[in-house]
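Dear colleague,

I am handing over the structure that follows, and below it I set out what was found. Please read the notes with the coordinates open beside them.

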Number of protein chains: 2
Amino acid sequence: MTGDVRVIPLRGIPELDEGDDLAALLVDAAARAGGFEGDDVVVVAQKAVSKVEGRVVDLAEVEPSSSAHELAGGGDPRRVEVILRESREIVRSRPPLVIAETLHGFVCASAGVDASNAKGHDTLVLLPVDPDASADRLCDRIRKLAGIGVGVIVSDSFGRAWRQGTTDVALGVSGIVALRDLTGERDSMGYELHATEIAIADEIAGAAQLVMGKTDGIPAAIVRGLAVEGDGRGSDLLMPRERDLFR
Amino acid sequence: MTGDVRVIPLRGIPELDEGDDLAALLVDAAARAGGFEGDDVVVVAQKAVSKVEGRVVDLAEVEPSSSAHELAGGGDPRRVEVILRESREIVRSRPPLVIAETLHGFVCASAGVDASNAKGHDTLVLLPVDPDASADRLCDRIRKLAGIGVGVIVSDSFGRAWRQGTTDVALGVSGIVALRDLTGERDSMGYELHATEIAIADEIAGAAQLVMGKTDGIPAAIVRGLAVEGDGRGSDLLMPRERDLFR
């Protein structure tokens, strides 16, 4: 039986740079909020993770290819060039909007490439090379520093087909289930559920977004009170190509 | 500045039937959980709303058409017949899976038609005729009974293109914003955000699902601590056809 769930913003994390000890900053921020508890899930915005991992490209140093020029329409071909480099396939494009499948297999706008202006430069922030590995590293280092096992989600804001607006989803997952499979369980009336899998890590990421916000510099939150320990991966949430009806 | 957010399951709501006073049951359940507070958002599963609104079809009384037989593959053609009646368009099908645009404009599996076995009959539960109106009615009646204004979301579990598993989304919305538009606002580094709209009502619905569960008979939850008062509608979350890249 699930009790109340709390979503707690982690404040006071400074602007991040390559090599910063993000886990230590998360542990400090959590300490200011009363400390971690045993089954906490820590949700961290992808942009924060990417910055400490050095996944930042200086726009001035990008040489766009001819296909980037073509796809850019009125937009910046250097940005499109970086999107192409991060993509396995362009799924749809309507300039300046590009929906791409990333090298990891995520289908999202701009292959997850985000504009930023770190230190006065126009830069682009790329997705982590391996978001599950990023989540694992944060998980391990938090355990080391805080002496407590927490789950970690590396989240990002994705648009959706057919629906307006973004919701945050889980790119990388460590220490928790990603999908909860209810197939074969019975509902409260005894009716057997079929093919029901809940993308619980995505819902946790979305819940965290409610307190994170893009405008107030809160790159992480704790989601507390869920019994979701497990060995799920962000990659579990990717629809296998052969089951994909929308490509 | 957003503080902590709490997600509180509403327990003890009995199996529902047409004409039941769902708002009164929600108010009672909330009272047992300490009562509503001023900016609470009450998330109610669509199935609960549909049942009290009588949106239930007895499978034995459905006469399938020939196109239902065709689309059903090995599945039950009566179920497909009901899906067709609830649909404006079949977006994709791979029997027995049917992705349809409902008469309201939602794109989802089976046009939102759900199997159930109310009172020993095999029945199908349809989406509410007008989920925003359902949310309005619950909102009004809760205000009347509890003397307090809360937001209401009527939620359902939808699959997504390219991602595994369902997340709960908002079909009907009353008293809160549905989309939060950040366009023109600046991030913590002063960088202006472009075309950033957050589907906040969907994230609230997903957060509520974390405590609702399909197997333990909790059809509603309170999401507390968000400042989201507004006049959003569930229909705000539908991608306008002309901007839809995936149909």
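**Notes on the model**

Leu97(A) counts as partly exposed because it has 15 C-beta neighbours inside 10 Å, where a residue is called buried if 20 or more other C-beta atoms lie within 10 Å of its own, exposed if 12 or fewer, and partly exposed in between, with C-beta atoms placed from the backbone. This is a predicted model, in which local features need pLDDT of at least 70 and side-chain atom pairs count only at pLDDT 80 or more, while totals for chains, interfaces and linings use all residues. Residues are numbered from 1 along each chain as its sequence is written, and chains are lettered from A and ligands numbered from 1 in the order in which they are written.

Leu97(A) lies in strand β5 (residues 97-102) of chain A; helices (H or I, at least four residues) and strands (E, at least two) are DSSP runs, numbered from the N terminus. Between Leu97(A) and Gly73(A) there are 9.4 Å in space, C-alpha to C-alpha, although they are 24 residues apart in sequence.

The buried residues of α4(A) are Pro77(A), Arg78(A), Arg79(A), Val80(A), Glu81(A), Val82(A) and Ile83(A), and they pack against β3 (56-58), α3 (66-72), β4 (87-94), β5 and β8 (123-125) of chain A.

As for the domains, whose bounds come from an automatic or database domain assignment, chain A is divided into domain 1 (6-53 + 128-237) and domain 2 (56-125).

Turning to helix α1 (residues 22-32) of chain A, its buried residues include Leu22(A), Leu25(A), Leu26(A) and Val27(A), and among the elements covering the buried residues of α1(A) are β2 (41-45), α5 (131-146) and β13 (220-224) of chain A. Not counting residues up to four places away in sequence, Leu26(A) touches Leu10(A), Val42(A), Val44(A), Ile142(A) and Ala220(A). Just after α1(A), Gly34(A) takes a positive phi of about 105°.

Notes:
Contact = placed C-beta atoms within 7 Å.
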